[in-house]
Amino acid sequence: MKTPTDPVRDYLSAVEREASVLPADRRQELLADLAEHIEVTRAERPDAAVGEVLAELGDPRTIAATALSEAENGAAGTSARGDVGAPARRGKVHPLVPLLMLTLSMPFMMVFSAAPGQLFGVLFRITGAVLLCTSVHWTAVRKTTGVLLAAVLPSVIISTWNLSNGGPEAGTPALLANLAMLALMAGTAAWLWRVRRA
């Protein structure tokens, strides 16, 4: 009797076979990223066929060849610097730095509400978002979610609030809105810290 096949498992197995020359940790990271991407895509588009989602990812042989090329370029870069025994993926910035910059931008803007304080708060938020996006500690989906929740959404809401209610001098409602945004940013930072890669 023939057992039913799981197309996702078959696809990931094919990628694993094709990427067998990669180091085990890099291969597992690649498979985890692909599995997460498939899961997120299927959740966002439940009506899409599994085959369609897998076709969008591309041929397993191409994915493996790209990952191998990236690994070779990374290995060449590290050996050229003399770091032969170092791991291939190390972040230059500690993962806490972008999270703190994103979260602390809000209290900084609340405490120093004059013009230079607002500017520094915005610069903190932009720098934190850039550092988050360039970090190796999160997947692309988590980076995007983090930037949207901790930088873009609070900025849009606060800007809309300021434009519609006459600015930050609106008193208690403005303080409550700022505290709500701070809670959103801190919650997002805590989630990102919990799901980071080592």
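I began with Tyr11, which, leaving aside its neighbours within four places in sequence, is in contact (heavy atoms within 4.5 Å) with Ile38, Leu54, Leu57, Gly58, Pro60 and Ile63. The model is predicted, so I noted that local features need pLDDT of at least 70 and side-chain atom pairs pLDDT 80 or more, while totals for chains, interfaces and linings use all residues. Residues are numbered from 1 along each chain as its sequence is written, and side-chain values use heavy atoms, with hydrogens and water left out.

I then looked up helix 1 (residues 7-18) against helix 2 (residues 24-44), whose axes come within 10 Å and cross at roughly 155°; axes are lines fitted to C-alpha atoms, for helices over the stretch in contact, with angles from 0 to 180 degrees between N-to-C directions. Helices are DSSP runs of H or I with at least four residues, numbered from the N terminus. The two are therefore roughly antiparallel, a term for angles over 145 degrees. Residues making this contact include Val8, Tyr11, Leu12 and Val15 of helix 1 and Leu30, Leu34 and Ile38 of helix 2.

For helix 1 and helix 3, I found axes that come within 10 Å and cross at roughly 20°. That makes helix 1 roughly parallel to helix 3, the term for angles under 35 degrees. Here Pro7, Val8 and Tyr11 in helix 1 meet Val50, Leu54 and Leu57 in helix 3.

Notes. Angles under 35 degrees count as roughly parallel, over 145 as roughly antiparallel, 65 to 115 as roughly perpendicular and the rest as oblique.
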